[in-house]
Amino acid sequence: MKEAIRLLIVAVMMLTVSLNVNAQFKKKENNRVPDRFHMGIRGGYSQSTGDVSSIGFPHGGIGVDFQVAPIPLFLETGLYYMNKGQIDWDGEDEDHMGYVPLLLSYHINLAPNLFLQPFAGGIAGYLGTTENFEAAVRIGLGFNFGRLYANTGFDLGLIEHEKNINSYYGRSTKWTNYTAFVTIGFNWAGSR
């Protein structure tokens, strides 16, 4: 039994070394290493869920990412504008937000200029209408083809908000913002 475990460990180590050498050879052969820095403009559509219904709204901003490890692991940030509103009991109540994301993404090479970029992290911002702080966990998937960039993802709100909907009876409603989004953009710095 011990010999079988040792043999399995040696086989796994040899396979790992072989795959690593093969990956390094392909990187040099096809120049499939992502640029270490990207910056560009982003725009898209977001859909916030609410208590009664939801609101679709355009969003956009400036995105930046840079490599933070020897592997293609990147830190993404930027400055964005998004709606985190909802349709409340008394009609539309849009709550516009300026926010900063702080995400980690891993750039997976699929073709010479095509990278798949799963990402996860958090966002923090300020809701202008209700004058509240907002924070959320963000997960999603990005695509980089040359200078073109696209992504889709979801924000899971961390803060519960409250609004009085009828001051006479003292009724209020509580909600947490959940938002789906799709984005397309152009990188003026970094082409892969």
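Q: What does the accessible surface of the chain come to, and how much of it belongs to carbon and sulfur atoms?
A: This is a predicted model. In it, the accessible surface of the chain is about 11000 Å². Carbon and sulfur atoms hold 66% of that surface.

Q: OK, the fold. How many helices and strands does the chain have?
A: One helix and eleven strands.

Q: What share of contacts is between residues 24 or more positions apart?
A: They account for 56%. That is counted among contacts with a separation of 6 or more.

Q: Switching to holes. How many cavities of 30 Å³ or more does the structure hold?
A: One.

Q: What volume does the largest cavity have?
A: About 210 Å³.

Q: Which residues are the closest to its centre?
A: Arg42, Glu76, Tyr80, Tyr149 and Asn151. The lining of this largest cavity has 22 residues.

Q: How does that lining divide into nonpolar, polar and charged?
A: Eight residues of the largest cavity's lining are nonpolar, ten are polar and four are charged.

Q: Which strands each supply at least two residues of the lining?
A: Among them are β1 (37-49), β2 (54-67), β3 (73-83) and β6 (96-106).

Q: Which one gives the largest share?
A: Strand β2, with four residues of the lining of the largest cavity.

Q: Let's look at β8 and β9. In what sense do they pair, and over how many bridges?
A: They pair in the antiparallel sense, over 14 bridges.

Q: What do the two strands form, and what is in the turn?
A: β8 and β9 form a hairpin, with four residues between them. Glu131 sits in the turn and has a positive phi of about 55°.

Q: Which residue is the bridge partner of Phe115?
A: Asn144, in β9.

Q: Is Asn144 buried or exposed?
A: Asn144 counts as buried because its relative accessibility is 1%, and the cut-off for buried is under 20%.

Q: How far apart are Asn144 and Leu116, in sequence and in space?
A: In sequence, Asn144 and Leu116 are 28 residues apart. In space they are 6.6 Å apart, C-alpha to C-alpha.

Conventions: Residues are numbered from 1 along each chain as its sequence is written. This is a predicted model: local features need pLDDT of at least 70, side-chain atom pairs count only at pLDDT 80 or more; totals for chains, interfaces and linings use all residues. Side-chain values use heavy atoms; hydrogens and water are left out. Contact means heavy atoms within 4.5 Å. Accessible areas come from the Shrake-Rupley method with a 1.4 Å probe; for residues, only the protein chains shown count as cover. On a 1 Å grid over the protein atoms alone, a cavity is a set of points where a 1.4 Å probe fits but cannot get out, and a pocket is an open set with protein on both sides within 12 Å along at least five of seven lines; lining residues have an atom within 4 Å of a point. Grid points are joined across faces, edges and corners, and a volume is the space filled by probe spheres set on the points. Ala, Val, Leu, Ile, Met, Phe, Trp, Tyr, Cys and Pro count as nonpolar, Asp, Glu, Lys and Arg as charged, and the others, Gly among them, as polar. Two strands pair if DSSP finds at least two bridges between them. Buried means under 20% relative accessible area, exposed over 50%, partly exposed in between (1.4 Å probe, protein chains only).
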